[in-house]
Amino acid sequence: MTTSTISAGSIPRSGNLAQGAIELRQVSKSYGDVTAVDQLDLTVEPGEFVTLLGPSGSGKTTTMMMVAGFEDHTAGSVLIDGKPVDTLPPRDRNLGVVFQNYALFPHMSALENVEFALRMRKVPKAERRQRAADALERVGLGRMGDRKPRQLSGGQQQRVALARALVFNPAALLLDEPMAALDKRLREQMQEEIKTLQKSLGISVLFVTHDQDEAMAMSDRIVVMRDGKIVQSGPPEDVYNHPLTDWVASFLGDTNLIPCTIIERDGEQAVVDMEGLGRARVRDRGATGESYAVSIRPEHLKFSTEPAAGNGYPATVVSSTNLGATVRHRLRAGGHDLQLRELSSDGAGRLPEEEVRVGWDADRAQLLVLES
Ligand code: ADP
Ligand code: MG
(Lines give C-alpha, C1' and ligand atoms only; values in the text may rest on other atoms or scores of the structure.)
(Ligands and ions follow the chains in the order given, each with its own letter.)
Protein backbone atom coordinates (compact mmCIF):
# COMPACT_ATOMS: atom_id res chain seq x y z
CA MET A 1 0.00 0.00 0.00
CA THR A 2 1.51 3.27 -1.03
CA THR A 3 1.09 6.51 0.83
CA SER A 4 2.27 8.48 -2.16
CA THR A 5 0.10 11.25 -3.45
CA ILE A 6 -0.14 13.34 -6.55
CA SER A 7 0.98 16.93 -6.24
CA ALA A 8 1.83 19.79 -8.54
CA GLY A 9 5.35 19.54 -7.17
CA SER A 10 8.06 21.97 -8.10
CA ILE A 11 7.93 21.59 -11.85
CA PRO A 12 7.27 24.91 -13.50
CA ARG A 13 5.04 24.72 -16.53
CA SER A 14 7.25 25.37 -19.50
CA GLY A 15 6.65 28.57 -21.40
CA ASN A 16 3.46 27.22 -22.76
CA LEU A 17 1.06 29.88 -23.91
CA ALA A 18 -1.72 27.47 -24.72
CA GLN A 19 -4.82 28.06 -22.68
CA GLY A 20 -6.45 24.71 -23.16
CA ALA A 21 -9.82 25.74 -24.53
CA ILE A 22 -11.61 22.91 -26.33
CA GLU A 23 -14.56 23.50 -28.61
CA LEU A 24 -16.73 21.11 -30.58
CA ARG A 25 -19.00 22.63 -33.20
CA GLN A 26 -21.81 20.48 -34.52
CA VAL A 27 -19.61 17.40 -34.37
CA SER A 28 -21.15 14.12 -35.55
CA LYS A 29 -19.84 10.60 -35.92
CA SER A 30 -21.60 7.73 -37.64
CA TYR A 31 -20.56 4.12 -37.89
CA GLY A 32 -22.68 2.83 -40.76
CA ASP A 33 -26.27 3.25 -39.57
CA VAL A 34 -25.29 4.02 -35.98
CA THR A 35 -25.04 7.70 -35.07
CA ALA A 36 -22.63 7.55 -32.14
CA VAL A 37 -22.40 11.34 -31.72
CA ASP A 38 -25.10 13.61 -33.04
CA GLN A 39 -24.36 17.29 -33.79
CA LEU A 40 -22.59 17.93 -30.53
CA ASP A 41 -21.84 21.49 -29.42
CA LEU A 42 -19.51 21.53 -26.45
CA THR A 43 -16.95 23.89 -24.97
CA VAL A 44 -14.37 23.51 -22.23
CA GLU A 45 -13.08 26.87 -21.02
CA PRO A 46 -9.40 27.26 -20.07
CA GLY A 47 -8.89 25.72 -16.62
CA GLU A 48 -12.38 24.24 -16.53
CA PHE A 49 -13.13 20.66 -15.45
CA VAL A 50 -15.96 19.36 -17.64
CA THR A 51 -17.38 15.87 -17.31
CA LEU A 52 -19.28 13.91 -19.94
CA LEU A 53 -21.69 11.77 -17.95
CA GLY A 54 -23.94 9.19 -19.53
CA PRO A 55 -24.78 5.51 -19.73
CA SER A 56 -22.76 3.02 -21.70
CA GLY A 57 -23.15 3.63 -25.44
CA SER A 58 -24.14 7.30 -25.13
CA GLY A 59 -21.15 8.47 -27.20
CA LYS A 60 -18.70 9.63 -24.53
CA THR A 61 -15.65 7.71 -25.72
CA THR A 62 -16.35 8.52 -29.36
CA THR A 63 -16.43 12.21 -28.42
CA MET A 64 -13.09 11.94 -26.61
CA MET A 65 -11.50 10.02 -29.49
CA MET A 66 -12.52 12.77 -31.92
CA VAL A 67 -11.07 15.48 -29.68
CA ALA A 68 -7.86 13.48 -29.25
CA GLY A 69 -7.69 12.84 -33.00
CA PHE A 70 -7.85 9.05 -32.84
CA GLU A 71 -11.16 9.04 -34.70
CA ASP A 72 -12.23 11.25 -37.60
CA HIS A 73 -15.60 12.93 -37.29
CA THR A 74 -18.23 12.65 -39.97
CA ALA A 75 -19.26 16.31 -39.68
CA GLY A 76 -18.48 19.44 -37.72
CA SER A 77 -15.25 20.85 -36.37
CA VAL A 78 -13.01 20.51 -33.30
CA LEU A 79 -11.06 23.57 -32.13
CA ILE A 80 -8.30 23.84 -29.56
CA ASP A 81 -7.53 27.33 -28.35
CA GLY A 82 -9.62 28.66 -31.16
CA LYS A 83 -7.80 26.83 -33.96
CA PRO A 84 -9.40 24.02 -35.97
CA VAL A 85 -7.44 20.79 -35.42
CA ASP A 86 -9.51 18.54 -37.67
CA THR A 87 -6.56 17.59 -39.85
CA LEU A 88 -3.89 17.49 -37.12
CA PRO A 89 -2.60 14.09 -35.98
CA PRO A 90 -3.06 13.30 -32.26
CA ARG A 91 0.48 14.12 -31.18
CA ASP A 92 0.26 17.63 -32.61
CA ARG A 93 -2.90 18.50 -30.69
CA ASN A 94 -1.02 19.07 -27.43
CA LEU A 95 -3.51 17.08 -25.35
CA GLY A 96 -2.61 14.70 -22.53
CA VAL A 97 -4.68 11.55 -22.78
CA VAL A 98 -5.52 8.86 -20.20
CA PHE A 99 -7.97 6.30 -21.50
CA GLN A 100 -9.18 3.25 -19.65
CA ASN A 101 -7.86 0.95 -22.35
CA TYR A 102 -4.85 2.98 -23.36
CA ALA A 103 -2.37 0.72 -21.62
CA LEU A 104 1.25 1.20 -20.64
CA PHE A 105 3.90 -0.64 -22.62
CA PRO A 106 4.53 -3.78 -20.58
CA HIS A 107 8.18 -4.18 -21.61
CA MET A 108 9.12 -0.62 -20.63
CA SER A 109 9.76 0.64 -17.11
CA ALA A 110 7.53 3.32 -15.62
CA LEU A 111 10.16 5.93 -16.42
CA GLU A 112 10.52 4.74 -20.02
CA ASN A 113 6.76 4.77 -20.44
CA VAL A 114 6.63 8.41 -19.38
CA GLU A 115 9.67 9.27 -21.46
CA PHE A 116 8.04 7.75 -24.49
CA ALA A 117 5.63 10.69 -24.75
CA LEU A 118 8.66 12.99 -25.03
CA ARG A 119 10.52 10.72 -27.42
CA MET A 120 7.52 10.96 -29.74
CA ARG A 121 7.93 14.73 -29.56
CA LYS A 122 11.66 14.55 -30.27
CA VAL A 123 12.82 15.98 -26.94
CA PRO A 124 16.59 15.37 -26.45
CA LYS A 125 17.51 12.41 -24.30
CA ALA A 126 18.97 14.12 -21.21
CA GLU A 127 16.05 16.51 -20.91
CA ARG A 128 13.66 13.62 -21.46
CA ARG A 129 15.00 11.65 -18.49
CA GLN A 130 14.77 14.61 -16.17
CA ARG A 131 11.27 15.62 -17.19
CA ALA A 132 9.99 12.05 -16.98
CA ALA A 133 11.50 11.64 -13.51
CA ASP A 134 9.92 14.93 -12.43
CA ALA A 135 6.53 13.87 -13.78
CA LEU A 136 6.72 10.57 -11.87
CA GLU A 137 7.64 12.54 -8.76
CA ARG A 138 4.60 14.68 -9.30
CA VAL A 139 2.27 11.67 -9.23
CA GLY A 140 3.98 10.24 -6.15
CA LEU A 141 5.99 7.55 -7.92
CA GLY A 142 9.45 9.14 -7.71
CA ARG A 143 11.07 5.94 -6.49
CA MET A 144 9.29 3.51 -8.76
CA GLY A 145 10.68 4.60 -12.10
CA ASP A 146 12.52 1.30 -12.66
CA ARG A 147 9.47 -0.89 -12.21
CA LYS A 148 7.68 -2.56 -15.06
CA PRO A 149 3.88 -2.10 -15.20
CA ARG A 150 3.29 -5.65 -13.89
CA GLN A 151 5.26 -4.72 -10.76
CA LEU A 152 2.87 -1.85 -10.05
CA SER A 153 -0.66 -1.89 -8.60
CA GLY A 154 -3.61 -0.78 -10.72
CA GLY A 155 -3.62 2.61 -9.01
CA GLN A 156 0.11 3.06 -9.57
CA GLN A 157 -0.24 2.14 -13.23
CA GLN A 158 -2.91 4.80 -13.63
CA ARG A 159 -0.56 7.31 -12.00
CA VAL A 160 2.13 6.40 -14.53
CA ALA A 161 -0.43 6.95 -17.30
CA LEU A 162 -1.25 10.32 -15.76
CA ALA A 163 2.45 11.25 -15.57
CA ARG A 164 2.80 10.26 -19.23
CA ALA A 165 -0.13 12.52 -20.10
CA LEU A 166 1.25 15.48 -18.14
CA VAL A 167 4.94 15.25 -18.98
CA PHE A 168 4.82 17.39 -22.12
CA ASN A 169 2.81 20.15 -20.45
CA PRO A 170 -0.30 19.67 -22.55
CA ALA A 171 -2.86 22.39 -23.04
CA ALA A 172 -5.58 20.12 -21.67
CA LEU A 173 -6.13 16.63 -20.32
CA LEU A 174 -8.59 14.09 -21.71
CA LEU A 175 -9.47 11.44 -19.13
CA ASP A 176 -11.83 8.64 -20.19
CA GLU A 177 -12.95 6.59 -17.17
CA PRO A 178 -9.38 6.61 -15.85
CA MET A 179 -10.38 5.14 -12.49
CA ALA A 180 -12.90 2.54 -13.65
CA ALA A 181 -10.61 -0.39 -12.84
CA LEU A 182 -9.79 0.78 -9.32
CA ASP A 183 -11.58 -0.17 -6.12
CA LYS A 184 -13.83 2.37 -4.46
CA ARG A 185 -11.41 3.68 -1.85
CA LEU A 186 -8.53 4.13 -4.24
CA ARG A 187 -10.89 5.67 -6.76
CA GLU A 188 -12.03 8.28 -4.26
CA GLN A 189 -8.43 9.04 -3.29
CA MET A 190 -7.41 9.46 -6.95
CA GLN A 191 -10.46 11.66 -7.58
CA GLU A 192 -9.30 14.09 -4.94
CA GLU A 193 -5.69 13.97 -6.10
CA ILE A 194 -6.55 14.57 -9.74
CA LYS A 195 -8.79 17.46 -8.74
CA THR A 196 -6.01 19.00 -6.62
CA LEU A 197 -3.47 18.54 -9.39
CA GLN A 198 -5.82 20.04 -11.96
CA LYS A 199 -6.44 23.11 -9.80
CA SER A 200 -2.79 23.70 -9.03
CA LEU A 201 -1.77 23.36 -12.69
CA GLY A 202 -4.76 25.36 -13.86
CA ILE A 203 -5.16 22.87 -16.69
CA SER A 204 -8.46 22.19 -18.48
CA VAL A 205 -9.86 18.70 -18.23
CA LEU A 206 -12.42 16.88 -20.32
CA PHE A 207 -13.37 13.88 -18.21
CA VAL A 208 -15.63 10.91 -18.90
CA THR A 209 -17.50 8.78 -16.43
CA HIS A 210 -20.73 6.84 -16.12
CA ASP A 211 -20.52 7.23 -12.32
CA GLN A 212 -22.72 10.06 -11.11
CA ASP A 213 -20.95 10.39 -7.75
CA GLU A 214 -17.62 10.78 -9.50
CA ALA A 215 -19.12 13.40 -11.81
CA MET A 216 -20.66 15.28 -8.87
CA ALA A 217 -17.38 15.20 -6.90
CA MET A 218 -15.01 16.37 -9.60
CA SER A 219 -16.69 18.63 -12.11
CA ASP A 220 -17.09 22.34 -12.59
CA ARG A 221 -19.70 21.41 -15.15
CA ILE A 222 -21.49 18.18 -15.98
CA VAL A 223 -22.63 17.45 -19.52
CA VAL A 224 -25.22 14.70 -19.49
CA MET A 225 -25.24 12.61 -22.68
CA ARG A 226 -27.79 10.21 -24.05
CA ASP A 227 -27.84 8.59 -27.48
CA GLY A 228 -25.04 10.78 -28.79
CA LYS A 229 -26.71 14.03 -27.73
CA ILE A 230 -26.36 16.43 -24.82
CA VAL A 231 -29.55 16.36 -22.77
CA GLN A 232 -28.51 18.80 -20.07
CA SER A 233 -25.41 20.62 -18.88
CA GLY A 234 -24.55 22.82 -15.93
CA PRO A 235 -22.79 22.93 -12.57
CA PRO A 236 -23.25 19.64 -10.66
CA GLU A 237 -25.66 20.98 -8.03
CA ASP A 238 -27.70 22.70 -10.69
CA VAL A 239 -28.15 19.57 -12.81
CA TYR A 240 -28.86 17.51 -9.70
CA ASN A 241 -31.38 19.91 -8.22
CA HIS A 242 -33.01 21.08 -11.44
CA PRO A 243 -33.18 18.20 -13.91
CA LEU A 244 -35.05 19.03 -17.12
CA THR A 245 -36.43 15.53 -17.67
CA ASP A 246 -37.30 12.45 -15.65
CA TRP A 247 -34.49 10.62 -17.43
CA VAL A 248 -31.86 13.09 -16.17
CA ALA A 249 -33.42 13.10 -12.69
CA SER A 250 -33.29 9.31 -12.45
CA PHE A 251 -29.86 8.96 -14.04
CA LEU A 252 -28.39 11.41 -11.56
CA GLY A 253 -29.70 9.86 -8.36
CA ASP A 254 -33.03 8.78 -6.90
CA THR A 255 -36.11 10.89 -7.20
CA ASN A 256 -39.83 10.92 -6.54
CA LEU A 257 -41.86 11.69 -9.64
CA ILE A 258 -45.45 12.85 -9.28
CA PRO A 259 -47.28 13.30 -12.60
CA CYS A 260 -48.98 16.68 -12.84
CA THR A 261 -50.71 19.12 -15.12
CA ILE A 262 -49.64 22.74 -15.42
CA ILE A 263 -52.03 25.43 -14.30
CA GLU A 264 -49.73 28.40 -14.74
CA ARG A 265 -46.04 28.93 -15.47
CA ASP A 266 -43.65 31.83 -15.87
CA GLY A 267 -40.37 30.07 -16.68
CA GLU A 268 -39.07 30.21 -13.10
CA GLN A 269 -42.01 28.90 -11.16
CA ALA A 270 -45.12 27.00 -12.02
CA VAL A 271 -48.38 26.22 -10.31
CA VAL A 272 -49.27 22.61 -10.96
CA ASP A 273 -52.00 20.16 -10.11
CA MET A 274 -50.33 16.95 -8.92
CA GLU A 275 -52.16 13.70 -9.54
CA GLY A 276 -53.88 12.65 -6.32
CA LEU A 277 -52.23 15.36 -4.23
CA GLY A 278 -53.49 18.68 -5.57
CA ARG A 279 -51.86 22.02 -6.07
CA ALA A 280 -48.26 23.06 -5.53
CA ARG A 281 -45.93 25.85 -6.54
CA VAL A 282 -42.69 24.41 -7.94
CA ARG A 283 -39.46 25.39 -9.70
CA ASP A 284 -39.72 25.59 -13.47
CA ARG A 285 -36.97 25.67 -16.09
CA GLY A 286 -39.39 26.11 -18.95
CA ALA A 287 -38.80 22.68 -20.53
CA THR A 288 -41.69 21.64 -22.74
CA GLY A 289 -43.04 18.24 -23.68
CA GLU A 290 -46.23 16.23 -23.81
CA SER A 291 -46.47 15.30 -20.16
CA TYR A 292 -45.03 16.62 -16.94
CA ALA A 293 -44.15 15.60 -13.41
CA VAL A 294 -42.88 17.16 -10.24
CA SER A 295 -39.53 15.75 -9.10
CA ILE A 296 -38.57 15.77 -5.43
CA ARG A 297 -35.36 14.11 -4.26
CA PRO A 298 -35.88 11.68 -1.36
CA GLU A 299 -33.62 13.79 0.86
CA HIS A 300 -35.77 16.85 0.17
CA LEU A 301 -39.02 15.20 1.16
CA LYS A 302 -39.69 15.89 4.84
CA PHE A 303 -42.11 14.87 7.53
CA SER A 304 -43.98 18.05 8.33
CA THR A 305 -44.54 18.70 11.97
CA GLU A 306 -47.20 21.36 11.50
CA PRO A 307 -50.24 19.77 9.90
CA ALA A 308 -51.53 23.17 8.81
CA ALA A 309 -48.34 24.23 7.00
CA GLY A 310 -48.63 24.73 3.24
CA ASN A 311 -47.29 22.03 0.96
CA GLY A 312 -48.18 19.35 3.47
CA TYR A 313 -49.83 16.17 2.21
CA PRO A 314 -51.23 13.22 4.11
CA ALA A 315 -49.25 10.00 3.68
CA THR A 316 -49.04 6.51 5.14
CA VAL A 317 -45.79 4.86 6.18
CA VAL A 318 -45.17 1.58 4.35
CA SER A 319 -41.74 0.74 5.75
CA SER A 320 -38.67 2.31 7.32
CA THR A 321 -35.19 0.89 6.74
CA ASN A 322 -32.12 2.01 8.61
CA LEU A 323 -29.21 2.17 6.14
CA GLY A 324 -26.62 3.27 8.70
CA ALA A 325 -26.07 6.95 8.02
CA THR A 326 -29.59 7.46 6.69
CA VAL A 327 -33.08 6.03 7.12
CA ARG A 328 -35.16 5.28 4.03
CA HIS A 329 -38.92 5.58 4.51
CA ARG A 330 -41.30 4.20 1.92
CA LEU A 331 -44.62 6.05 1.91
CA ARG A 332 -47.95 6.08 0.08
CA ALA A 333 -49.40 9.48 -0.68
CA GLY A 334 -52.20 10.35 -3.10
CA GLY A 335 -51.83 6.97 -4.79
CA HIS A 336 -48.05 7.36 -5.27
CA ASP A 337 -45.14 5.42 -3.81
CA LEU A 338 -42.72 7.95 -2.38
CA GLN A 339 -39.31 7.69 -0.78
CA LEU A 340 -38.15 9.95 2.01
CA ARG A 341 -34.59 9.89 3.26
CA GLU A 342 -33.37 11.47 6.45
CA LEU A 343 -30.23 11.29 8.54
CA SER A 344 -30.47 8.49 11.10
CA SER A 345 -29.60 11.05 13.77
CA ASP A 346 -32.61 13.21 12.75
CA GLY A 347 -35.08 10.39 12.39
CA ALA A 348 -37.77 9.43 14.82
CA GLY A 349 -38.96 5.82 14.60
CA ARG A 350 -41.88 5.30 12.22
CA LEU A 351 -44.28 2.42 12.32
CA PRO A 352 -45.84 0.72 9.31
CA GLU A 353 -49.37 2.10 8.67
CA GLU A 354 -48.55 5.25 10.63
CA GLU A 355 -50.42 8.29 9.30
CA VAL A 356 -48.06 11.20 8.67
CA ARG A 357 -47.79 14.41 6.69
CA VAL A 358 -45.04 15.12 4.23
CA GLY A 359 -43.90 18.26 2.47
CA TRP A 360 -40.92 20.08 1.00
CA ASP A 361 -39.39 23.50 0.63
CA ALA A 362 -40.95 25.06 -2.45
CA ASP A 363 -37.64 25.50 -4.29
CA ARG A 364 -36.79 21.82 -3.86
CA ALA A 365 -39.56 20.62 -6.14
CA GLN A 366 -38.73 20.76 -9.84
CA LEU A 367 -41.19 20.67 -12.72
CA LEU A 368 -39.81 18.45 -15.48
CA VAL A 369 -40.79 16.77 -18.71
CA LEU A 370 -41.72 13.08 -18.66
CA GLU A 371 -39.97 11.47 -21.59
CA SER A 372 -38.83 7.97 -20.66
P1 ADP B 1 -19.72 5.36 -24.39
O2 ADP B 1 -18.26 5.69 -24.30
O3 ADP B 1 -20.62 6.45 -23.92
O4 ADP B 1 -20.04 4.06 -23.73
P5 ADP B 1 -19.20 4.99 -27.22
O6 ADP B 1 -18.76 6.31 -27.70
O7 ADP B 1 -18.15 3.97 -26.98
O8 ADP B 1 -20.10 5.17 -25.92
O9 ADP B 1 -20.23 4.37 -28.26
C10 ADP B 1 -21.31 5.12 -28.78
C11 ADP B 1 -22.06 4.29 -29.81
O12 ADP B 1 -21.23 4.08 -30.96
C13 ADP B 1 -22.46 2.91 -29.34
O14 ADP B 1 -23.70 2.60 -29.91
C15 ADP B 1 -21.36 2.03 -29.91
O16 ADP B 1 -21.85 0.72 -30.10
C17 ADP B 1 -21.05 2.71 -31.21
N18 ADP B 1 -19.64 2.50 -31.61
C19 ADP B 1 -18.55 2.94 -30.94
N20 ADP B 1 -17.42 2.60 -31.59
C21 ADP B 1 -17.79 1.93 -32.71
C22 ADP B 1 -17.09 1.32 -33.80
N23 ADP B 1 -15.76 1.36 -33.89
N24 ADP B 1 -17.83 0.72 -34.77
C25 ADP B 1 -19.18 0.69 -34.70
N26 ADP B 1 -19.90 1.25 -33.71
C27 ADP B 1 -19.23 1.86 -32.72
MG1 MG C 1 -16.71 4.72 -23.17
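What follows looks at a ligand site, a helix and a loop serine in a predicted model. Residues are numbered from 1 along each chain as the sequence is written, while chains are lettered from A and ligands numbered from 1 in the order in which they are written. Because the model is predicted, local features need pLDDT of at least 70 and side-chain atom pairs count only at pLDDT 80 or more, totals for chains, interfaces and linings use all residues, and side-chain values use heavy atoms, with hydrogens and water left out.

Let's start with ligand 1. Its shell takes in residues with a heavy atom within 4 Å of the ligand, and these are Tyr31, Val34, Ala36, Pro55, Ser56, Gly57, Ser58, Gly59, Lys60, Thr61 and Thr62. Sorted by type, the shell holds 4 nonpolar, 6 polar and 1 charged residue; here Ala, Val, Leu, Ile, Met, Phe, Trp, Tyr, Cys and Pro count as nonpolar, Asp, Glu, Lys and Arg as charged, and the others, Gly among them, as polar. Two elements, β2 (34-44) and α1 (60-68), each give at least two residues to the shell, and α1 supplies the largest share, with 3. Helices (H or I, at least four residues) and strands (E, at least two) are DSSP runs numbered from the N terminus.

Some polar contacts (pairs of N or O atoms within 3.5 Å) pick out particular residues. A backbone N or O atom of Gly57 sits 2.7 Å from an oxygen atom of ligand 1, and a polar side-chain atom of Lys60 is 2.8 Å from a ligand oxygen. For Thr61, a polar backbone atom lies 2.9 Å from an oxygen atom of the ligand. Overall, the protein covers 58% of the 560 Å² of accessible area that ligand 1 has on its own, by the Shrake-Rupley method with a 1.4 Å probe.

Next comes helix α4 (residues 154-166). Its 13 residues reach 19 Å from first C-alpha to last, close to the 18 Å expected at 1.5 Å a residue, where the expected span is 1.5 Å times one less than the number of residues. The helix is mostly covered, with 11 of its 13 residues buried (under 20% relative accessible area, 1.4 Å probe, protein chains only). Among these are Val160, Ala161 and Leu162. The buried residues of α4 pack against β6 (95-99), α2 (110-120), α3 (125-138), β7 (172-176) and α5 (184-201).

Finally, Ser109 lies in the loop between β6 and α2. Ser109 counts as buried because its relative accessibility is 8%. Leaving aside neighbours within four places in sequence, Ser109 is in contact (heavy atoms within 4.5 Å) with Gly145, Asp146, Arg147 and Lys148. A polar side-chain atom of Ser109 is 3.4 Å from the backbone oxygen of Gly145.

Conventions: Polar contact = N/O pair within 3.5 Å; in protein donor to acceptor, adjacent residues only side chain to side chain. Buried < 20%, exposed > 50% of the residue type's maximum accessible area, 1.4 Å probe, protein only.
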